[in-house]
Amino acid sequence: VYNRSLIEASLDPLVTIGSDGKITDANGATEVVTGRARKELIGTDFSDYFTEPEKARAGYQQVFREGSVRDYPLELRHHDGRVTSVLYNASVYRDEAGKVIGIFAAARDITARKQAEEQIKQQSREIMELSTPVMQVWQGVVVAPLIGSLDSNRTQQFMERLLERIVETNSPVALVDIMGVPTIDTQTAQHLIETISAVRLLGAQVVLTGVRPAIAQTLVHLGIDLSGIMTRSSLS
């Protein structure tokens, strides 16, 4: 059972949907987010107001099968083209005999949250770029000092930046300094070897610098073969 006055009082878009997927009721917030009047919405297909109609249709069909859905991600489309990211929570409602007669669906606007997440991702990318600089120090020589731990994502970005810089500067030599890498494990060493192999495919030579005694002992202990790689204890 649903209460019409409660629907109207909500600030979130709320709709009720019949077993055929048609909207049977909608509140003012739904009118605002779709740009359609309530009388226009009633009787139309619920899925028509989303950027991915098939996904919306699959969502309300899931409610009929399972009784409810929680935090179902969709994007509502305003008639002027604007898009609002939402999470839908929906459940069935029944008549007095207990028969399912429709769905009550409430949307939560997560546009601000998605914008904040994207901003965090952008800041993370900027921080990563600052932590993996590639500089040309002499004609034909670039230096890439690594600071901090290496994971798959950071290694991939480092490899891309190093390769791009070698091509841009037409440098035959790349100095990769690992003085600022606190520890070396098998995975980190493998990442370095993959990067060096990629540089060699461009016809450039890599010199691995900053190999401290502790790092050297660790590499030997791990059985990492660096015999084909030129190494130096310090960048100087």
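**View 1. Serine 85 lies within strand S4, residues 83-94.** Strands are DSSP runs (E, at least two residues) and helices are DSSP runs (H or I, at least four residues), both numbered from the N terminus. This is a predicted model, in which local features need pLDDT of at least 70, side-chain atom pairs count only at pLDDT 80 or more, and totals for chains, interfaces and linings use all residues. Residues are numbered from 1 along each chain as its sequence is written, and side-chain values use heavy atoms, with hydrogens and water left out. With a relative accessible area of 9%, serine 85 is buried (under 20% relative accessible area, 1.4 Å probe, protein chains only). Beyond its neighbours within four places in sequence, serine 85 has contacts (heavy atoms within 4.5 Å) that include Leu74, Arg108 and Lys114.

**View 2. The hairpin of S3 and S4 has five residues between its strands.** Strand S3 (residues 68-77) pairs with S4 in the antiparallel sense over eight bridges; pairing requires that DSSP find at least two bridges between two strands. Opposite proline 73 stands leucine 87 of S4. Glycine 81 in this hairpin takes a positive phi near 105°.

View 3. Three antiparallel bridges join S6 to strand S7 (residues 141-147), and methionine 135 stands opposite valine 143 in S7.

Methods: Buried means under 20% relative accessible area, exposed over 50%, partly exposed in between (1.4 Å probe, protein chains only).
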